[in-house]
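The sequence and structure are shown first.

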Amino acid sequence: RAFAYDQVHELGQAEEAARRALSLKRGDPWAHHALAHVMEAQGRVDEGIDFLSDHSHTWADRSIFVREHNYWHLAILHLDRDEPARALDIFDKHLWGEWPEFAQEQIGAISALWRLELHGADVGERWRPVVAKVVERWHEHILPFHDLHFVLALARSGRANETREFLASMVRHGEADASGIWDSIAIPCANALVAHAEGRYAQAADLIGAALPRLHLIGGSHVQRDLFVQTRIDAALRAGRHSAVTDLLTTRAKTKPAVHETQRLLQRVRQAA
């Protein structure tokens, strides 16, 4: 219930339900997860880090998915606090390597690495083993959300042939998909991510921007899909289209004043204006 409230932006009710769950079972990792979403949405960065850190010892015997995903939330909060070194440490210890064949581990790793690079961090050779596992699971097309992470990893790593093949496979899958989500959202977003990786920033900003109003249809949560919003902001700024993201950055800065990176980007936009 707490997570459902979070996903429809009823954050007060989400926190109330999560706190109730914690009163019944302090070590429940999904209650921790729901509360992490609330704190992230409200920009309660320090509180979120303290809360997840205090409860992380209870995740040791939980499923790989919830354990790694909760550590992913912790890493993202450390990025919000301008601590990329701490986020990288969490990546190395908790986000990659336990079950690298697992799609959710791959997605968490890809999302973390891309956010780190958008933040300006040097991730070294960490992309290499992740991409090797992505290549092994060609053309599954479980969810659009999965595919966008996979194509991002391929494009970011310069695997041009595999990237084009994967895009072609997405197109074939989209032709057989009655929902229209692949054709109208997933494939344009995939092309946007490839354009960003190849330095075609204006095209990337346009394609992602057009898809944002319906992006929720690809799957994933608000905070997970925010990766694509961040990519659109980065693409627009690199293309010199500062005015295109001024309102978006202003709203983000007001909602989460403790996230210093957003404040820096907004200042950059204002200086350009």
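A cavity is a set of grid points where a 1.4 Å probe fits but cannot get out. The model discussed here is predicted.

**Cavities**

Two cavities of 30 Å³ or more are counted. The volume of the largest cavity is about 150 Å³. This cavity is lined by 14 residues, and His69, Trp72, Gln104, Ile107 and Gly108 are the closest to its centre. At least two lining residues come from each of helix 5 (64-80), helix 7 and helix 9 (144-156); helix 7 contributes the most, with six residues. In the lining of the largest cavity, six residues are nonpolar, six are polar and two are charged.

The second largest cavity holds about 30 Å³ of space. Its lining consists of Trp114, Leu152, Ala155, Arg156, Leu193, His196, Ala197 and Thr231. Helix 9 and helix 11 (181-197) each provide at least two residues of this lining, which divides into five nonpolar, two polar and one charged.

**Pockets**

| Pocket | Volume |
|---|---|
| Largest pocket | about 610 Å³ |
| Second largest pocket | about 400 Å³ |

Of the 21 residues lining the largest pocket, His9, His222, Asp226, Arg252 and Lys256 lie nearest its centre. Helix 1 (2-7), helix 3 (29-41), helix 13 (222-238) and helix 14 (246-255) each supply at least two lining residues, and helix 13 gives the most, with five. The lining of the largest pocket comprises eight nonpolar, seven polar and six charged residues.

The second largest pocket is also lined by 21 residues, of which Gln230, Arg252, Glu261, Thr262 and Leu265 are the closest to its centre. Contributions of at least two residues each come from helix 5, helix 7, helix 13, helix 14 and helix 15 (260-272). Helix 13 gives the most to the lining of the second largest pocket, with six residues. By class, this lining has nine nonpolar, three polar and nine charged residues.

**Packing of helix 6 and helix 7**

Helix 7 (residues 103-118) packs with helix 6 (residues 84-95) at an angle of about 165°, and their axes are 11 Å apart. Because angles over 145 degrees count as roughly antiparallel, helix 6 is roughly antiparallel to helix 7. The crossing of the two helices is left-handed. Helix 6 makes the contact through Pro84, Ala87, Leu88, Phe91 and Leu95, and helix 7 through Glu105, Ala109, Ala112, Leu113 and Leu116. Nine of these contact residues are nonpolar, none is polar and one is charged.

Technical notes: Residues numbered from 1 in each chain as written. Predicted model: local features only at pLDDT ≥ 70, side-chain atom pairs only at ≥ 80, totals over all residues. Heavy atoms only, no water. Axes fitted to C-alpha atoms, helices over the stretch in contact; angles between N-to-C directions. Helix = DSSP H or I, 4+ residues; strand = E, 2+ residues; numbered from the N terminus. Parallel < 35°, antiparallel > 145°, perpendicular 65-115°, else oblique. Left-handed = near helix turned anticlockwise from the far one by under 90°. Contact = heavy atoms within 4.5 Å. Nonpolar A, V, L, I, M, F, W, Y, C, P; charged D, E, K, R; others polar. 1 Å grid on protein atoms, 1.4 Å probe; cavity = no way out; pocket = protein on both sides within 12 Å on 5 of 7 lines; lining within 4 Å. Points joined across faces, edges and corners; volume = space filled by probe spheres on them.
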